[in-house]
Amino acid sequence: MAKLIVKQVRSKINCPLDQKRTLEALGLRKMGQVVEHDANPAILGMVNKVKHLVSVEETK
């Protein structure tokens with residue numbers, strides 16, 4: 001299964017509460033923090049919701 005490397009590149013200040021909680025569910029709590037997840041539909045949906053705050057890179 002493919003892996004996703006997700007990095008928070010923009011601040012969550014002034015974002016709606018659901019987007020802040022989505023970032024925390026992804027494991028992102030600080031700017032510049034990087035996490036790795038499996039590319040499953042739940043994670044892809046969360047990444048899509050906060051796509052303006054994160055950068056995503058796919059690995060094998």
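# A predicted model: helices, sheet and single residues

Visitor: Leaving aside neighbours within four places in sequence, with which residues is E24 in contact?
Guide: This is a predicted model, and E24 lies in its helix α1. With neighbours up to four places along the sequence set aside, the residues in contact with E24 are K12 and R29.

Visitor: Does E24 count as buried, partly exposed or exposed?
Guide: Buried would require under 20% relative accessible area, and exposed over 50%. The relative accessibility of E24 is 40%, so this residue counts as partly exposed.

Visitor: What distance separates the C-alpha atoms of E24 and P41?
Guide: Along the chain, E24 and P41 are 17 residues apart.

Visitor: Which residues in α2 do D18, Q19, T22, A25 and L26 in α1 meet?
Guide: α1 passes α2 in a left-handed crossing. On the α1 side, the residues involved are D18, Q19, T22, A25 and L26. Those that they meet in α2 are I43, M46, V47 and K49.

Visitor: Across which strands does helix α2 lie?
Guide: Helix α2 covers residues 41-49. This helix runs at about 25 degrees to β1. The strands it lies across are β1, β2 and β3.

Visitor: Which strands stand at the edges, each with a single partner strand?
Guide: The open sheet has 3 strands in the order β2-β1-β3, with antiparallel pairing. One side of each edge strand is left without a neighbour in the sheet, because each has a single partner strand; these are β2 (34-38) and β3 (54-59).

Visitor: How many bridges join strand β1 to β3?
Guide: Strands of a sheet pair through backbone hydrogen bonds, either parallel or antiparallel. Here β1 (residues 3-8) and β3 run antiparallel. K3 has T59 as its bridge partner in β3, and L4 stands opposite E58. The number of bridges joining β1 to β3 is 6.

Visitor: What is the bridge partner of V6 in β2?
Guide: β1 and β2 run antiparallel and are joined by 5 bridges. V6 is part of the covered face of β1, along with L4 and Q8, whereas K3, I5 and K7 make up the uncovered one. In β2, the bridge partner of V6 is V35.

Visitor: Which backbone oxygen does the side chain of H37 reach?
Guide: H37 is placed in strand β2 and counts as buried, with 18% relative accessibility. Beyond four places in sequence, H37 touches A2, K3, L4, L26 and I43. At 2.7 Å, its side chain reaches the backbone oxygen of L26.

Visitor: What phi does N14 have, although it is not a glycine?
Guide: Most residues other than glycine have a negative phi. N14 sits in the loop between β1 and α1 and counts as exposed, with a relative accessibility of 76%. Although N14 is not a glycine, its phi is positive, at about 70 degrees.

Methods:
Residues are numbered from 1 along each chain as its sequence is written. This is a predicted model: local features need pLDDT of at least 70, side-chain atom pairs count only at pLDDT 80 or more; totals for chains, interfaces and linings use all residues. Side-chain values use heavy atoms; hydrogens and water are left out. Two strands pair if DSSP finds at least two bridges between them. Helices (H or I, at least four residues) and strands (E, at least two) are DSSP runs, numbered from the N terminus. Contact means heavy atoms within 4.5 Å. Axes are lines fitted to C-alpha atoms, for helices over the stretch in contact, and angles run from 0 to 180 degrees between N-to-C directions. Buried means under 20% relative accessible area, exposed over 50%, partly exposed in between (1.4 Å probe, protein chains only). A polar contact is a pair of N or O atoms within 3.5 Å; within protein, one must be able to donate a hydrogen and the other to accept it, and residues adjacent in sequence count only if both atoms are side-chain atoms. A crossing is left-handed if the near helix is turned anticlockwise from the far one by less than a right angle, and right-handed if clockwise.
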